Amino acid sequence: KASRAVQNFVINELSNWYIRRNRRRFWKGEKDDEKIAAYQTLKEVLMHIVAMIAPTAPFLAEDLYLRLKLDSDKDSIHICDFPKADTSKIDLDLERKMAIAQQIVSLARFLREKSKIRVRQPLRRILVPVNNSQERRDIQLIADIIKEEINIKDIEFVTDETAGVVSRKAKPNFKTLGKKFGKITQLVANAIKEMSADQIRMIEANRKLQLNLGAENVEIDFEDIEIASEDIEGWLVASENNITVALDTAIDAELLREGLAREFVNRIQNARKNSGFEVTDRISIEFYANDETSEALLAKKEYIMNETLASSVERSTSSEGFEEIELIDVNVYIKVIKN
């Protein structure tokens, strides 16, 4: 159980979140305080992880430790003390906000997969229903992270009073209802199915709700229901753990152009890797494509240069000696040169 907890942390929190979110800090050419802080934080985390896995993965832990340690550190991870938690460094408020960000990102990615829209294709916006001003402030503080992670332009906040934006229904959770209500379980379930939008908001806020069954009233808990969101025209909707996300799936010409540039960046990064370049190496890019595609790529030239550490992006008049790639059903030819 302990090993699985460490594994989940390394995969989900460290690799798929912290390292990926901070790649620009790692990539920066200048060795400023921000870059140094990113590397120092990563090393601190890795050293603690190595110590925690040492009892169950001794050889891997030792190999990683020898790669990370300083000359002044102890000779082996197996003669180091087991790490102790420093509770003074735990920021529960920050962790709560980041958990909200990760959940919204997860729901939006699910909706992208459902609609078969590439992650690198920018979209206009998502709608997030909020119940109060605190929820709105929490999401506003992490909005930039969410927008970058799911590649959208804007986050709009709505309330259930906003007509026709998000439709939610309550469903009975029979796993808990049966134990609580016995013979009247079906009556309670029917009442849950008839719950109004106001009642759904009330149980979300108070975690409890009184339901009228005609002859008597019963009290249900939030765990006794499941809230499902229904898709609306032009949108996809998903909910989990009291958070709902509606994704605007409309794509205009400008968004298509941005999507093409992002796909181009991905192919250039693959070319860099296949050529054995270091992640910090500067490059020059030449490409050959039709007029429409060339216009779209050159319009996003600055973005492409920043993302690929390129000093130039130029259109070529010939494809001779170039590598062929496919960009959203369009063939493009590229040449990546190390500066």
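This is a predicted model: local features need pLDDT of at least 70, side-chain atom pairs count only at pLDDT 80 or more; totals for chains, interfaces and linings use all residues.

The dialogue below takes up the sheet, the pockets and a helix in turn.

Q: In which order do the four strands form the open sheet?

A: Strands of a sheet pair through backbone hydrogen bonds, either parallel or antiparallel. Here the order is β2-β1-β8-β7, with mixed pairing (strands are DSSP runs of E, at least two residues, and helices are runs of H or I, at least four, numbered from the N terminus; two strands pair if DSSP finds at least two bridges between them). At the edges stand β2 (152–158) and β7 (235–240), each of which pairs on one side only.

Q: How do strands β1 and β8 pair?

A: Strand β1 (residues 123–129) meets strand β8 (residues 243–248) in the antiparallel sense, over two bridges. Ile126 stands opposite Leu247 in β8.

Q: What volume does the largest pocket have, and which residues lie nearest its centre?

A: A pocket is an open set of points on a 1 Å grid over the protein atoms alone, where a 1.4 Å probe fits, with protein on both sides within 12 Å along at least five of seven lines; lining residues have an atom within 4 Å of a point. The largest has a volume of about 1,300 Å³ (the space filled by probe spheres set on the points, which are joined across faces, edges and corners). Of its 25 lining residues, Phe9, Val45, Lys89, Ile90 and Glu95 lie nearest the centre. Helices α1 (2–21), α3 (33–53) and α5 (92–115) each supply at least two residues of this lining.

Q: Which element gives the most to the lining of the second largest pocket?

A: Helix α11 does, with five residues. This pocket holds about 660 Å³ of space, and Arg23, Arg120, Glu148, Arg262 and Glu307 lie nearest its centre.

Q: Which residues of helix α4 are buried, and which are exposed on the face turned away?

A: Buried means under 20% relative accessible area, and exposed over 50% (1.4 Å probe, protein chains only). In α4 (residues 58–68), Ala61, Glu62 and Tyr65 are buried. Seen down the axis of α4, they fall within an arc of 100 degrees, so they line one face of the helix (the arc is that of the directions from the helix axis to the C-beta atoms). The face turned away from this buried side carries the exposed residues Phe59 and Arg67.

Key:
Residues are numbered from 1 along each chain as its sequence is written. Side-chain values use heavy atoms; hydrogens and water are left out.
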